[in-house]
Amino acid sequence: MPDAIFEQVPAPAEMYRRMPASERIAATVQAGRQTIRDILDRKDDRLLVVVGPCSIHDTEAGLDYAQRLAALADELSDTLYVVMRAYFEKPRTTVGWKGLVNDPHMDDSCRIGEGMARARQFLLAVNALGLPVATEALDPLSPHYFGDLISWTAIGARTTESQVHRELSSGLATPVGFKNGTDGSVETAVNAILSAACPHAFMGMDQDGRPAIVRTQGNRYCHLVMRGGGGRPNYDTVSIHLAEKALEKHHIPANIIVDCAHANSWKQHALQPVVLADVVNQIREGNRAIRGVMIESFIEAGNQPIPADLGDLRYGCSVTDACVSWPTTEKILRQAGQRLAGRRGWQA
Ligand SMILES: O=C[C@H](O)[C@H](O)COP(=O)(O)O
Ligand SMILES: C=C(OP(=O)(O)O)C(=O)O
């Protein structure tokens, strides 16, 4: 037995009963998943844009952001397919706040049951706006609690090499983007895509919270997310070209999403617009592999440490990685939309 203390939390089925998804919400999720599959299958030539805060710590500010984003998504829907980034679980390099699910009160009380419920409530509210949502799957049990409300999943750079996350991805109902490793290794993500495409059997839990053997069918909508690493970005033309070749070598569709943040911008939020503009240029120049981009954005630019008194938190400002502000987000997405407008069929 592990040397640990166990506290019970409600089973996923109980949370579904308390917070069910309406038909309209379920339709938003399904439409989100199908549109992303169509983008990956090159049946839809819009650019997928996964954009939103590095992490959700204040659901009120998160919803304020979602309302702004829903309007912008509508405005740009001819050329961009916008999905909100809503990350509730943060993989840390060493230690730090692990996100709303793990510690919803940001005080190390780690009321994980409450965190699951708050994440679910938030996802219901965002999907109710007609805005589909993307998240990172970190804890293998979390998708049981709110996976029905997610349209796109990321596996992070720190877990792309993990068998547990590859198995999990093989059974997710969403397209899954595997990040390249923190050392910049694309091979790690290629191996993850190959693994997750296959059926797996592993230990997990059912919706009633009972231990269960999980048997999956394999997920054929896994793809590569380039986020830079090993001390350098990898969104440049040559790196993208080499990644395409690595995918083709393994007969994997050459579908790439470029993360404009993280090592691609040396975690400097002010560089994300530069990366985005470069990627849009590559697409205008004829690149067909880049199907989407990721941007870390919130209401206020930058980030802030978590203060001892949470009353001192700055509204709408990230408590994890630095984000571009809302005005910058509007500006750069409108520019991307304009630069890609009239180019329908460029990727088909
Ligand atoms: O996107 C978020 C961070 O880059 C990731 O969680 C690692 O953060 P850390 O290095 O501050 O722990
Ligand atoms: C942790 C993240 O990214 P990465 O796994 O690329 O570091 C993230 O997108 O929040």
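Four bridges link strand 5 (residues 176–179) to strand 8 (residues 222–226), and the two strands run parallel. Strands here are DSSP runs of E with at least two residues, helices are runs of H or I with at least four, and both are numbered from the N terminus; two strands pair if DSSP finds at least two bridges between them. This is a predicted model, in which local features need pLDDT of at least 70, side-chain atom pairs count only at pLDDT 80 or more, and totals for chains, interfaces and linings use all residues. Residues are numbered from 1 along each chain as its sequence is written, while chains are lettered from A and ligands numbered from 1 in the order in which they are written.

**Fold**
- The protein chain contains ten helices and ten strands.
- Eight strands form a closed barrel in the order 1-2-3-4-5-8-9-10, with parallel pairing.
- V176 is placed opposite C222 in strand 8.

**Overall dimensions**
- The C-alpha trace of the protein chain spans about 55 × 45 × 45 Å along its principal axes.

**Ligand surroundings**

**Confidence**
- The average pLDDT of the protein chain is 97, and 98% of the residues score at least 70; pLDDT is the predictor's confidence in each residue, from 0 to 100.
- For the complex, the predictor gives an ipTM of 0.97 and a pTM of 0.97.
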